[in-house]
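Please open the structure in the viewer and keep the selection tool at hand.

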Amino acid sequence: MAEQYRLEMKGVKKTFPGVKALDGVNLQVRPGTVHALMGENGAGKSTLMKCLFGIYKMDEGEVYIDGVKTEIANPDDALHKGLAMVHQELQPIPARSIAENMYLGRYPMKKFGPIKIVDHATMNSEAEKWLRDVKMNFNPKAQLGTLSIGQMQSVEIAKAVSQSANLVILDEPTSSLTDNEVEALFRIIRDLKSRGVSMIYISHKMAEIRQISDDITIMRDGTYVGTWRIEDISDEEIVRQMVGRELTNVYPPKDDYRTDETVLKVDHLTSIHSNSFQDCSFELKRGEILGFGGLVGAQRTELMEAIFGMRHIQRGTVQILGKEAHIKRPQDAINSSVGMITEDRRGNGIFGCLSIDDNTAIASYKNYTHAGKINKSEVDKVVKDSIAKLSIKTPSGKTLIQSLSGGNQQKVIIARWLANNPDILIMDEPTRGIDVGAKYEIYQIMIELVKQGKSIIMISSEMPELIGMSNRIIVMCNGHITGEVEGEDATQENIMAFATKFDLSGSTKKEATQEVQS
Amino acid sequence: MKAKNFNIKDFLVNNGIIVVLVLLAFYTGIMQPTFFSKDNWINIALNVAPRFIIACGVSGCLITKGTDLSAGRQVGLAACLAGTLLQKPDYSGKFYQNLPDFGGMWWLWVIAVILICVAVCCVFGFINGIVISYLQVPAFIGTLGMQLIVYGVCLVYTNATPIGGYHSAYTIVAKGKLFGVLPYLFLIALAVGLVMWFIYNMTPHGKYMYAIGGNEQSAEVSGVNTKRTKIIIYMTAAALYALGGFLVGAKSGGSSVNMGQGWELEAIAACTIGGVSVNGGIGRISGVLIGVLVFEILKTCLQYLGVDTNYQYIAQGIVIVVAIALDIRKYIAKK
């Protein structure tokens with residue numbers, strides 16, 4: 001008992017059908033420190049946190065808070081014991097106000113004659129205070145749904161802070177934040193630390209870990225690898241411990257497989273909404289990896305979704321393989337040999353209640369259908385090949401996709417499109433929330449595809465990935481294409497300059513003023 | 001030992017209703033030995049047949065997170081429509097006075113009438129599909145409206161008069177037996193079950209249906225024509241209601257506008273008991289069959305035990321709520 005830990009978890013075990021998710025994991029968080037929790041996707045970080053919060057029941061293991069043995073029954077119970085969590089995948093109620101989302105389940109009450117009612121005035125002023133505390137000047141009465149994903153995340157952080165918890169878990173808090181927002185977040189974290197609050201910080205971004213955390217615990221394949229003081233361990237060592245092997249190259253060697261053939265030509269594409277993409281024109285060559293850079297809210301996703309037929313356009317044309325394509329719906333795009341891996345995996349990527357088989361084959365069933373009947377053995381073969389080729393970690397193709405980790409789910413979605421053999425593949429944040437090892441595998445797949453003469457458009461908010469993987473980078477800002485960089489010019493500074501060409505503040509603030517009717 | 005207990009609990013949660021009803025059936029059999037007579041079971045099977053066909057139709061709607069409240073009224077409309085077109089030439093209260101005598105070709109006309117019923121109901125199914133997919137009206141509301149519309153159409157068409165005096169070529173469909181052993185009704189239901197099983201499991205349409213129920217946005221992005229798929233589902237459902245209504249009419253030898261009232265709820269309940277998830281994306285034809293069978297056995301047991309008809313409704317209601325509560329439990333457990 002040399003040191004009293006704020007939180008100690010000992011020998012945590014958890015088994016899901018067919019998968020051993022956690023096997024004897026330990027975690028010791030000192031008071032007033034930031035404790036980084038690292039590991040590849042599927043290493044069990046999220047599962048461990050869900051066990052801590054009583055969302056999952058651990059099979060074995062003990063939890064101590066401030067040295068006292070505790071059992072946490074559910075997230076509400078955790079909150080009472082001073083634990084708060086900012087989730088990786090947000091679960092807000094978009095139709096209600098920011099303040100209502102922050103105070104959900106703990107509304108301030110006031111007396112109204114014999115009964116108690118919600119005290120809206122206090123709730124709104126409190127919410128505003130906490131939002132200001134984290135440097136976010138939103139109207140607390142604004143509808144949450146009018147904010148961007150990044151802004152919603154900021155609200156979640158403000159909510160956790162407002163719960164005056166003494167242990168806050170931040171699960172990939174910066175994955176959708178701009179640099180300014182990350183800075184703001186770090187200020188808050190340091191402030192909380194000085195007030196004696198402990199934090200568990202889950203992230204894949206090495207630079208952030210180095211910048212903000214005191215201790216680090218590494219997990220691998222559901223097992224506990226070890227805990228270090230951050231100054232005692234090098235970046236290379238962290239990566240080595242995480243993947244269990246030396247990882248020399250972050251990006252595969254970049255060769256140029258570009259040809260002169262234009263496979264996609266977009267002309268003056270303009271959204272039906274004035275605050276979305278405007279007058280965007282670009283070309284994609286066969287064998288090219290074309291990067292799309294920009295800040296959150298630059299409308300890159302919206303532009304790609306429009307090309308894929310998920311959004312309406314006011315004017316502009318799209319030519320695919322030299323022919324004008326009239327794409328009204330995704331199936332038109334698919335028939336024109338375009339595939340799309342969306343940004344929001346859970347929202348419009350996976351089918352949670354269906355098997356890996358079905359998730360893989362859904363976009364290509366027509367290829368295996370003869371006289372109206374699906375040839376199951378053909379489907380099985382394709383799925384088996386994909387599982388092997390993309391090294392998807394699963395007991396079998398019959399497993400439900402919802403039991404896989406995020407990284408493996410993403411691989412299944414890649415397999416879905418590869419099964420369709422498209423000439424053009426649009427990948428929107430293909431490695432978001434994915435660990436280094438799986439990232440490298442996805443990069444290798446991308447290189448392999450362009451080698452075969454396919455073309456890729458990749459949206460990425462991670463500058464090194466954009467530079468490391470793209471032959472050419474188009475930068476967007478505020479719905480406009482503001483620049484294009486290639487080769488030597490593809491530097492973080494140049495991209496950033498284009499990405500901030502227009503002042504963003506005006507338009508984003510305007511969006512968040514629509515109030516909830518009460 | 002511990003693991004074994006756990007499995008029993010799982011089994012009970014997954015099949016609790018079925019287990020309870022099997023026990024109830026045995027209890028009934030002990031109290032009233034005639035319950036286990038061959039006649040009674042043939043009777044149950046004949047009651048199950050049309051209900052199974054109707055439940056198959058509803059199951060597609062449920063799997064895509066929809067529902068079809070117009071099912072029962074469409075059954076009634078089809079029964080009335082078939083009845084008016086298949087009356088004996090010498091029947092005094094004929095609906096169509098000029099309906100010709102088809103002589104030896106009555107069987108051909110019976111088939112034509114089936115197709116007419118299917119075609120008429122498919123129009124309503126098509127409208128349901130359009131309203132739900134293109135106008136994006138929630139299925140619950142859209143088909144609730146259709147329920148009233150179809151009832152109104154049926155009232156206008158029959159002028160609310162009961163229809164009887166069916167030609168034997170029509171009633172034989174329900175009463176006849178192949179080789180004097182296998183009732184046609186049973187064979188038709190079996191054929192429908194096999195075709196639906198094939199569609200659900202072996203065709204892209206079936207896969208798309210499960211995908212839409214699992215995550216409609218993902219299905220859209222994956223290039224599934226969700227609108228067309230849904231329209232086909234509601235039209236298929238309507239076609240099955242038409243067939244079901246036609247058979248029910250043949251079985252009872254007469255029909256009125258009240259025929260089929262409330263059958264949609266019975267079909268939805270049966271599907272749920274059989275494991276079709278109200279959260280969409282899950283459900284099998286074999287489950288639908290079990291659900292309908294269980295529900296029908298429940299009703300028969302209550303009759304045999306001499307339970308007052310009014311109390312029977314209460315018992316059925318409890319079974320529906322418990323079945324759905326258990327279904328939701330399964331979903332929660334998976335999280």
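Which residue stands opposite Ile459(A) in strand 22 of chain A? Select Phe292(A), which stands opposite Ile459(A). This is a predicted model, in which local features need pLDDT of at least 70, side-chain atom pairs count only at pLDDT 80 or more, and totals for chains, interfaces and linings use all residues. Residues are numbered from 1 along each chain as its sequence is written, chains are lettered from A and ligands numbered from 1 in the order in which they are written, and side-chain values use heavy atoms, without hydrogens and water.

Next, select strand 22 (residues 455–459) of chain A; strands are DSSP runs of E with at least two residues, and helices are runs of H or I with at least four, numbered from the N terminus. Because 5 of its 5 residues are buried, strand 22 of chain A is largely enclosed by the rest of the structure (buried means under 20% relative accessible area, with a 1.4 Å probe and protein chains only). Ser455(A), Ile457(A) and Ile459(A) point one way, and Ile456(A) and Met458(A) the other way.

Finally, select helix 2 (residues 38–63) and helix 12 (residues 285–304) of chain B, whose axes come within 8 Å and cross at roughly 135°. Axes are lines fitted to C-alpha atoms over the stretch in contact, with angles from 0 to 180 degrees between N-to-C directions.

Terms used
Buried < 20%, exposed > 50% of the residue type's maximum accessible area, 1.4 Å probe, protein only. Pairing = 2+ DSSP bridges.
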